[in-house]
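Me: I have a new structure open and would like a quick tour. Can you take my questions as they come?

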Amino acid sequence: MRALSHEEASRLIRAAKGTRDEALIVVALRTGMRQGELAALRWEDVDLGDKATITVRRSADTRTKTRISTTKTGEERKVGIGPRTAEALKAHRARQLEERMAARSWEDPGLVFPNARGKVRRRDSVMRSLRSLLKEAGLPAQIRFHDLRHTAATLAIRQRMPIHVVSKMLGHSDPAMTLRRYAHVL
């Protein structure tokens, strides 16, 4: 398990600024959503109003044939997002509409982070992009996408977010699991 420091996470966000993956990186680092949950996220699950939230309902497995199912725990959860994350998502939606209009074909299941044709984006595509952004940010190439989830949890705990809130954000079945996994941070 590797968590980025606050400074490293900021460098990664800066490296992603203006790219089609900016919002993906921001949301991953600030919500702790799993890669499959982000791949299956739909705009209907995103509320960018005053109390902005993301409802995590499903997950995509793209290792072999793309399959969308419930979350790992089988339960949905609401994750609050701050104003900067909401702004990144609003800018992403505008950029996505432009991309959609320019595309020769676009399948539209309403995905927030689709590939360039509107379909579920495969893991290897996301990893190629992440490796490029890591290089741009001067960060180790060995960082996995899942490490962004660990970063979100670690930074939330260091900012004194209550452990039961972090546990709920991550979709853990109970706070004791979160405590066991992140005891070294406390």
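Predicted model: local features only at pLDDT ≥ 70, side-chain atom pairs only at ≥ 80, totals over all residues.

Me: Good. Let me try that on Q159. Buried or exposed?
Reply: Q159 has 59% relative accessibility, so Q159 counts as exposed.

Me: Where is Q159 in the chain?
Reply: Q159 sits in the loop between α6 (146–158) and α7 (163–170).

Me: And how far apart are Q159 and R58?
Reply: Their C-alpha atoms are 28 Å apart in space. Along the sequence, Q159 and R58 are 101 residues apart.

Me: Let's zoom out. How many helices and strands does the protein chain have?
Reply: The protein chain has eight helices and five strands.

Me: In what pattern along the sequence?
Reply: The protein chain reads α-α-α-β-β-β-β-β-α-α-α-α-α.

Me: What are the spans of the C-alpha trace?
Reply: About 50 × 40 × 35 Å along the principal axes of the protein chain.

Me: How does the radius of gyration fit a compact globule?
Reply: It agrees. For 186 residues, a compact globule would have a radius of gyration near 16 Å, and the protein chain has 16 Å.

Me: What share of the residues is buried?
Reply: Buried residues are 48% of the 186 in the protein chain.

Me: And the exposed area? What do carbon and sulfur supply?
Reply: The protein chain exposes about 10100 Å². Carbon and sulfur atoms supply 50% of that area.

Me: What about contacts that join residues at least 24 apart?
Reply: Take the contacts between residues at least 6 apart in sequence. Of these, 55% join residues at least 24 apart.

Me: Charges next. How many positive and negative ones?
Reply: The protein chain has 38 positive and 21 negative charges. Their mean positions are 4 Å apart.

Me: Now the strands. Which ones form the open sheet?
Reply: Three strands do, in the order β1-β2-β5, with antiparallel pairing. The edge strands are β1 (46–47) and β5 (77–80), and each pairs on one side only.

Me: What holds strands of a sheet together, in general?
Reply: Strands of a sheet pair through backbone hydrogen bonds, either parallel or antiparallel.

Me: Back to this one. How many bridges link β1 and β2?
Reply: Two bridges, in the antiparallel sense; β2 covers residues 53–56. V46 has I54 in β2 as its bridge partner, and D47 has T53. β1 and β2 also form a hairpin, with five residues between them.

Me: And how many bridges join β2 to β5?
Reply: Four bridges, and β2 and β5 run antiparallel. Opposite V56 stands R77 in β5. Opposite T55 stands K78 in β5.

Me: Which way do the β2 residues point?
Reply: T53 and T55 point one way, while I54 and V56 point the other way. All of them are buried.

Me: What about β5? Which residues are on the covered face?
Reply: R77 and V79 make up the covered face of β5. K78 and G80 are on the uncovered one.

Me: That leaves β3 and β4. How do they pair?
Reply: β3 (residues 58–61) and β4 (residues 67–70) pair in the antiparallel sense over four bridges. β3 and β4 form a hairpin with five residues between them.

Me: Switching to helices. Where is L89?
Reply: L89 is in helix α4, residues 83–102.

Me: Why does L89 count as buried?
Reply: Its relative accessible area is 0%, so L89 is buried.

Me: What is L89 in contact with?
Reply: Set aside its neighbours within four places in sequence. L89 is then in contact with A23, V27, W43, V46, L48, I54, I81, V112 and F113. The C-alpha atoms of L89 and W43 are separated by 9.8 Å, though L89 and W43 are 46 residues apart along the chain.

Me: One more. Q96: buried or exposed?
Reply: Q96 is buried, because its relative accessibility is 10%. Q96 is found in helix α4.

Me: What does Q96 touch?
Reply: Not counting residues up to four places away in sequence, Q96 touches W43, W106, L111, V112, F113 and P114.

Conventions:
Residues numbered from 1 in each chain as written. Heavy atoms only, no water. Rg over C-alpha atoms; globule rule 2.2 N^0.38 Å. Buried < 20%, exposed > 50% of the residue type's maximum accessible area, 1.4 Å probe, protein only. Contact = heavy atoms within 4.5 Å. Areas by Shrake-Rupley, 256 points an atom, 1.4 Å probe, with all protein chains shown as cover. Lys, Arg positive; Asp, Glu negative; His and termini not counted. Charge placed at Lys NZ, Arg CZ, Asp CG, Glu CD. Pairing = 2+ DSSP bridges.
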